[in-house]
Amino acid sequence: MKLWGGRFTKPTNQLVDEYTASINFDKKLAKYDIQGSLAHVEMLKECRIIPATDADQITEGLHTVLLKIESGEAELSEEHEDIHMNVEKLLIEEVGAVGGKLHTGRSRNDQVALDMRLYLREQLIEIIQLVVSVQQSLHTQAKLNLDTVMPGYTHLQRAQPVLFGHHMMAYVFMFQRDVERLTDSWKRVNKSPLGAGALAGTTFPIDRQFVAEKLGFDGICENSLDAVSDRDFVVEFLSNASLISTHLSRLCEELVQWSSAEFSFIELDDAFSTGSSMMPQKKNPDVAELVRGKTGRVFGHLVGMLTTLKGLPLAYNKDMQEDKEGMFDTVETLKGALGLFAPMIETMQVKKENMYEAVRKDFSNATDLADYLVEKGMPFRESHAVVGQVVLHCINGNKYLLDLTLKEFKSFSETIESDIFEKLNPEAVVNARDVAGGTARNRVEEQIEKAVELFQSSSEWVRKHGENI
Ligand code: ARG
């Protein structure tokens, strides 16, 4: 007999049971479901909605049910559809009919919304910590590479030299926005929907604030219809996860390129690379490729959830059961990628010589020659054209700017003096970008210092919010 079987005259078709059941994936919520039920039953007792002795029996029973689920002893069945009804069924088996009082003043609709929020906020803490650990690994590489000059690119064409440390710090600040988005989303996740009932509230004199406080929520969802039909927090998480995946994927693409023979700028540690079953010489950046590849499923879950929600009338609809698998998969995918990334970045070997060689054999100091002429009084547009001629001359002679003699330089502009050689050397070119946020060594050091403060405030946030849940 189903928990809701009263008004039915025959058993559910087995295919319907199988099709509508969510227990195979929402069993992940068992811990949170019971956490919520424990707070709910305490409130029922506090508000004298059920007798204290009944409440105490239920509390004890819920603890036992949790132990039995976690040890695998309890049998979860599709016949009872989802984690909520399976837990209730197990509770009744444990403590008898009194277990049936747990669901007083509550519906699965507010219950499932609660479980999802409890699950997500715990995951948010972990994911934020993982993003910070990726930031820290990039930060470590930045500190080690304050003298490493590499070509900076636009259009994947060598543009102007930058410090590899500067490049690493670009990702640190990129991931900082992810941390900020995740911490900001907290205030929308950490609200209690419990007490909304099926959709309209409940006739029992419940205390929603009591439950919210017990569970470490910052407040309650203000409108019962919104409380049970809101999955914006899921969409928001999937969207934040999509951006994090995008950021990881961009970095992956660089790692893949840099570790190719054509670039040969880095070598990933053997522990974070894989081989080929056929070609003995191969060392592949599989982790970076797979993280880049898994971006697809994360985006897919975001689009899937938006699509599921877009035509739903208020309040709860069974469609919303589709909120779970995508979110769980996104959490696992993201945690897997972030967990691998920090040690992969930290252990990668940076081939400074090759980067330097790449800078020496290109024209990425051409802007500096143009700026030099500007300092001598030439309008930039004119100096741009002159340097274009110089570059062409070099290309025809198979040379780079630093291979030219002073006489050759002077044939393009009399104003050029011997100090040009110093100005065009890669370190000078880098250090000339001495503006806030620029690639000059001291400016990259400023970024590195700033990031230390950011990491401290992230850790502080995690400590403060993690201890209440
Ligand atoms: N398994 C359902 C879900 O995940 C729980 C809520 C079901 N409520 C209902 N009235 N059918 O959404």
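In which loop is the place of Asn398? Asn398 sits in the loop between helix 15 (380-397) and helix 16 (406-412). Helices here are DSSP runs of H or I with at least four residues, strands are E runs of at least two, and numbering starts at the N terminus. Asn398 is not a glycine, yet its phi is positive, near 55°. Its relative accessible area is 71%, so Asn398 counts as exposed. The classes are buried under 20% relative accessible area, exposed over 50% and partly exposed in between, with a 1.4 Å probe and protein chains only.

The model is predicted: local features need pLDDT of at least 70, side-chain atom pairs count only at pLDDT 80 or more, and totals for chains, interfaces and linings use all residues. Residues are numbered from 1 along each chain as its sequence is written, and side-chain values use heavy atoms, with hydrogens and water left out.

**Other backbone features**

Glu81 also has a positive phi, about 65°, although it is not a glycine. Glu81 lies in the loop between helix 4 (52-71) and helix 5 (83-95). With a relative accessible area of 10%, Glu81 is buried. A cis peptide bond links Leu314 to Ala315, with omega about 5°. Ala315 belongs to the loop between helix 11 (286-310) and helix 12 (323-347).

Gln57 is placed in helix 4. Its relative accessible area is 37%, so Gln57 is partly exposed. Gln57 and Gly99 are 42 residues apart in sequence, but 8.0 Å apart in space, C-alpha to C-alpha.

**Ligand site**

Which residues are around the ligand? They are Ser22, Asp82, His84, Arg108, Asn109, Val112, Tyr316, Gln321 and Lys324. By class, the shell has two nonpolar, four polar and three charged residues. Ala, Val, Leu, Ile, Met, Phe, Trp, Tyr, Cys and Pro count as nonpolar; Asp, Glu, Lys and Arg as charged; the others, Gly among them, as polar.

Helix 6 (residues 108-144) gives the largest share of the shell, three residues. Domain 1 (5-104) and domain 2 (109-357 + 447-467) each supply at least three shell residues.

| Side chain | Ligand atom | Distance |
|---|---|---|
| Arg108 | nitrogen | 3.5 Å |
| Asn109 | nitrogen | 2.9 Å |
| Tyr316 | oxygen | 2.4 Å |

Taken alone, the ligand exposes 340 Å², and the protein buries 87% of that. These areas come from the Shrake-Rupley method with a 1.4 Å probe.

**Domains and annotations**

The protein chain is divided into domain 1 (5-104), domain 2 (109-357 + 447-467) and domain 3 (366-424). The bounds come from an automatic or database domain assignment. The C-alpha centres of domain 2 and domain 3 lie 46 Å apart.

In an unreviewed entry, UniProt lists "domain: Fumarate lyase N-terminal" for residues 6-300. Over residues 6-300 the chain is 61% helix and 6% strand, with end C-alpha atoms 40 Å apart. The UniProt annotation "domain: Argininosuccinate lyase C-terminal", also from an unreviewed entry, covers residues 363-431. Over residues 363-431 the chain is 67% helix and 0% strand, and its end C-alpha atoms are 17 Å apart. Such annotations may be inferred rather than shown by experiment.

Terms used. Near = heavy atom within 4 Å. Polar contact = N/O pair within 3.5 Å; in protein donor to acceptor, adjacent residues only side chain to side chain.
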